[in-house]
Amino acid sequence: MIAIIDYDMGNLRSLENALDRLGATYCITSAPSIIKQADKVILPGVGHAGLAMENLIERELPDLIRSLRQPVLGICVGMQVLCRDSEEAPGVPCLGVFDARIRRFSPAPGCKVPHMGWNNLGNMEGKLFKDIESGSHVYFVHSYYAGLCPDTVATCNYAGKMFSAALRYENFYGTQFHPEKSCSVGEQILKNFLAL
Amino acid sequence: MLAKRIIPCLDVKDGRVVKGINFQGLQDVGDAVELGRKYALEGADELVYLDISATLEGRNTFAVLVSRVAEAINIPFTVGGGIRSLDDASRLLDAGADKITLNSAAIARPQLIEEIASKYGRQFVVVAIDAKSGPDGRWMATTHGGSRPTDKELFSWAKEAQERGAGEILFTSMDHDGTRAGYPCPVYAALSDALSIPLIASGGAGSVADIAAVLTIGKADAALAASIFHYGQYTVAQVKKELAQAGIPVRL
C-alpha cells in the first residue's frame, strides 16, 4: 500500500490516475498511523512552499515524515519542502532532508518563468532512473528550483542554469518534474519507485 | 534544453470534437477521448480541450469528459470554454484538468485571474486572447469568436494578465485563425519579448514551415493547432520530426 500524503496542496487526481494506470493500490491520507505503516509514501504538492510547510505543521507531519524509513517520493513542491528552506518562504525552515536550498529562477530573455514544459534529464543515478535513457524528456512546471548539491541524482538545464531534476538522500527521493504527467518516461520512473 | 511544445487543440461540442473556419460551419471530427489519446501516442506535448457547447447539458457533458480524459491520458491537458467563476475552475480541476484557459470572462472581470491563480497557482491559469488588427495597426482583443470588439489592447492586456497571475498567454490572431495561411510572426515576437511567462501561438498553421516560423522568428514557446491535425494533413509525429530536422528543440 502506498500512502499519498493529503495536506491540501493541489489536486491529486493526476497522480491517482497515473497510479491507477500502473495498477498500484494507494490511499490518500494525513493519518500518521497509516503513513507510518505504508510500504511507500508519496508527498505531492503544487503551490506555495510556505503554505505547504504550514499545512504539514498544522497536521503535525514534519517529524513523522523525517522519521520515515520506507521509500518516500516528493514531487515538485513536495520535493522542495524536503529541502532546507526556500526563497519562496524566507525564514521558514523546511523539512531539511535534502541538503539543498530552493531558489527562484530570474526571468530573462530566453528564460520564461515558470519553467514550463518538457526538458531533458541528465546525469541520472540510481534505481529510480532504471531503463531511462539520458536526455529523456519529462514535464516540468515550476518557478523555484534546487541547485546542484551532493544529493542531486538527476540534472536539467534551463536557459543555461543547471539545477536538480531529482534528489536522493537515503530512502528519500524527490523529483522537480511531474512523473505522473511525463508520458511513458514518467510511468517508468513511477514504476521504478514502486519497485524500490 | 526546454523543448518547444506542440499542442493539438480540440473544440468539443456535446462530447464530440468539431472544427470550423473562424468558428463557423462546424464539422464533426471524432470522439474527444479517442482523438486525445491518439494525439498523445503520436507525441503531442499537451492537449487543449475547449468546450464550445452552448447549453447547460453540453457543459455537464464536458465536465464528465474531462474526467475521462484525465484517466486516459498521461500528458498535461488544459480545458477552457465558459469558465466564469472560481467554482467553474474548481470543478474542472477536481475532474482532473491540469490547467484552465480564461478568455472573455477574464476580459469582463480581470480579478477572476487573481482569484483562480491565488487559489490554485499561476501554472493553472492560461489566459487566452483572441485579437484582431485594426485599421490603425493596433491589435485589439475580441470576444465571441472574434465577433465582438473590446477596449483591451493586446500587449497591455497580456501584460496585465501576467501581472494578475496568468501562467501562460495563448494568443490567437482572429485574422489568421482557421485560414491555414500562417501566423503573424512579428506580432508574436514582440509579445513574447514583452512577457516573462510562456507564450503559446494559436490559429493559422497550414504547414510545418508556419509552425517552425512562429517558434523561431515568432519566439513562441509552444504552438497550438487544430485543423492540420484533425484532417490528417499531418500527424503530430510528422510535425515534430520536421521541426527537429529544422533544428528546433522538440520532444521526440
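Which residue in strand 4 of chain A does Leu43(A) stand opposite? In the predicted model examined here, the residue opposite Leu43(A) is Gly74(A). The two strands concerned are strand 3 (residues 40-43) and strand 4 (residues 72-75) of chain A, which run parallel and are joined by 3 bridges.

This pair belongs to an open sheet of chain A, in which 7 strands follow the order 2-1-3-4-12-11-10 with mixed pairing. The edges of the sheet are formed by strand 2 (26-29) and strand 10 (152-158) of chain A, each of which pairs on one side only. From one strand to the next, the twist averages 20°.

Two helices of chain A lie across strands of this sheet. Helix 1 (residues 13-21) of chain A lies across strand 1 (2-5), strand 2, strand 3 and strand 4 of chain A, and its direction is at about 165° to strand 2 of chain A. Helix 6 (residues 183-194) of chain A lies across strand 1, strand 3, strand 4 and strand 12 (172-175) of chain A, running at about 135° to strand 3 of chain A.

Another open sheet of chain A consists of 3 strands in the order 5-6-9, again with mixed pairing. Its edge strands are strand 5 (85-86) and strand 9 (144-146) of chain A, each pairing on one side only. Strand 6 (residues 101-104) of chain A pairs with strand 9 of chain A in the antiparallel sense, over 3 bridges. Within strand 9 of chain A, Tyr145(A) is the residue that Arg103(A) stands opposite.

The model also contains an interface between chain A and chain B. Here, 35 residues of chain B are in contact with 27 residues of chain A. The two chains bury about 2,400 Å² between them, and 53% of this area is on carbon and sulfur atoms. On the side of chain B, the most area is lost to chain A by Leu2(B), Asn74(B) and Arg251(B), which together account for 27% of what that side buries.

Polar and charged groups also meet across the interface. There are 20 residue pairs in polar contact between chain B and chain A, both residues being at pLDDT 80 or more. The elements giving two or more residues to the side of chain B that touches chain A are helix 2 (56-72) and helix 3 (86-95) of chain B. By residue class, that side of chain B divides into 18 nonpolar, 6 polar and 11 charged residues. The interface of chain B and chain A has 2 salt bridges. A salt bridge links the side chains of Lys112(A) and Asp221(B), with an N to O distance of 2.9 Å.

Notes:
Residues are numbered from 1 along each chain as its sequence is written. Chains are lettered from A and ligands numbered from 1 in the order in which they are written. This is a predicted model: local features need pLDDT of at least 70, side-chain atom pairs count only at pLDDT 80 or more; totals for chains, interfaces and linings use all residues. Side-chain values use heavy atoms; hydrogens and water are left out. Contact means heavy atoms within 4.5 Å. Buried area is the accessible area (1.4 Å probe) that two parts lose on being put together, summed over both. A salt bridge is a side-chain nitrogen of Lys or Arg within 4 Å of a carboxyl oxygen of Asp or Glu. A polar contact is a pair of N or O atoms within 3.5 Å; within protein, one must be able to donate a hydrogen and the other to accept it, and residues adjacent in sequence count only if both atoms are side-chain atoms. Helices (H or I, at least four residues) and strands (E, at least two) are DSSP runs, numbered from the N terminus. Ala, Val, Leu, Ile, Met, Phe, Trp, Tyr, Cys and Pro count as nonpolar, Asp, Glu, Lys and Arg as charged, and the others, Gly among them, as polar. Two strands pair if DSSP finds at least two bridges between them. Axes are lines fitted to C-alpha atoms, for helices over the stretch in contact, and angles run from 0 to 180 degrees between N-to-C directions.
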